[in-house]
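Welcome! Here is a short briefing to read alongside the sequence and the 3D view.

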Amino acid sequence: MLCVDLSGKRALITGSTRGIGMAIAMYLAKAGASVIITGRDEGRAKEVAQHISSEFGVEALGVGMNMEDMRSIEEAYRRVEAQWGGVDLLINNAGITRDKLFLRMSLEDWEQVLKVNLTGTFLITSLAVKGMLKNRWGRIVNISSVVGFTGNVGQVNYSATKSALIGFTKSLAKELAGRNITVNAVAPGFIETDMTAVLSEEIKSAYLKNIPLGRFGKPEDVAGMVVFLCSEYASYITGEVVHINGGMY
Ligand code: NAI
């Protein structure tokens, strides 16, 4: 029987106190990895870590890490290093939207989305990659989006960051391949989380019409692919993007 075994691996998942990030943390833990749950609210991160630890019998750490704030990222990562020495798997999941038509989009709307989705990803990756280089093993998975490929009305800022993550993934994959570190991305379509819960029923039914599989995705639909990309079965895959969207693109 084939099975994914990630025991002995330490995984850090950004923005993992809910939604897709939390589902990824749970699936990695189910596969045996120790997990570091991070989010703006340290109390909530600790709660989720505690739950995962008792549910799956793995070590789990909850750490406050605000992806908008360089100092918070550095400080949190120093604590992770002090306790666990570093990480083997990094999942860049934290992301925000500030949707507005382009003509109404302020510089603040633009910069805030870039800060969390892109600069935060750059900062945590540059910290985490050092240990991976030393160990000559690592897995990085970036959460992009279908709108990084299709574009979307009202999401010039968000879709720009999600396309940029593809260039980030492909370039970094080339730089790190010689050290046995793979860098891949997943591009989810419409996944049912807090992020999409705010959309009107009218918009949701318009999306649904364009999804051949006839349903919205669940966080677990993304988590399964992330576990695969972290596993030994994916050791010859790097710089790749996997679309998880029920066939809509
Ligand atoms: P969500 O809004 O439920 O979760 C986002 C996560 O990021 C939360 O844990 C939140 O606390 C965290 N986060 C936001 N700002 C943060 C900050 N400044 N510092 C630290 N953490 C922060 O959204 P969802 O749907 O779970 O999104 C996860 C990722 O998947 C995001 O990158 C999103 O862009 C991407 N995605 C989501 C899709 C969807 O349909 N839900 C589709 C395609 C991509």
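Which side chain has an N or O atom 2.5 Å from an oxygen atom of the ligand? One such side chain is that of Thr193. This is a predicted model, in which local features need pLDDT of at least 70 and side-chain atom pairs count only at pLDDT 80 or more, while totals for chains, interfaces and linings use all residues. Residues are numbered from 1 along each chain as its sequence is written, and side-chain values use heavy atoms, with hydrogens and water left out.

**Around the ligand**

- The ligand is surrounded by 28 residues, and the closest are Arg18, Asn93, Tyr158, Ile191 and Thr193; a residue counts as near when one of its heavy atoms lies within 4 Å.
- Tyr158 places a side-chain N or O atom 2.5 Å from a ligand oxygen atom.
- Asn93 uses its backbone instead, with an N or O atom 2.6 Å from an oxygen atom of the ligand.

**Helix α1 and its partners**

- Two packed helices are described by the angle between their axes and the distance between the axes.
- Helix α1 (residues 19-30) packs against helix α2 (residues 42-56) at about 30°, and their axes are 10 Å apart; axes are lines fitted to C-alpha atoms over the stretch in contact, and angles run from 0 to 180 degrees between N-to-C directions.
- On the α1 side the contact involves Met22, Ala25, Met26, Ala29 and Lys30, and on the α2 side Arg44, Val48, His51, Ile52 and Phe56, where contact means heavy atoms within 4.5 Å.
- Seven of these α1 and α2 residues are nonpolar, one is polar and two are charged.
- With helix α9 (residues 219-230), α1 makes an angle of about 50°, the axes being 8 Å apart.
- That angle makes α1 oblique to α9.
- Residues of α1 including Gly19, Ile20 and Tyr27 meet α9 residues, among them Pro219, Val222 and Cys230.
- The α1 and α9 contact has 11 nonpolar, two polar and one charged residues.

**Helices α4 and α6**

- Helix α4 (residues 107-135) and helix α6 (residues 156-176) pack at about 20°, with axes 9 Å apart.
- These helices, α4 and α6, are therefore roughly parallel to each other.
- Among the contact residues are Trp110, Leu114 and Phe122 of α4, and Tyr158, Leu165 and Phe168 of α6.
- By class, the α4 and α6 contact has 15 nonpolar, five polar and two charged residues.

Note on methods:
Helix = DSSP H or I, 4+ residues; strand = E, 2+ residues; numbered from the N terminus. Nonpolar A, V, L, I, M, F, W, Y, C, P; charged D, E, K, R; others polar. Polar contact = N/O pair within 3.5 Å; in protein donor to acceptor, adjacent residues only side chain to side chain. Parallel < 35°, antiparallel > 145°, perpendicular 65-115°, else oblique.
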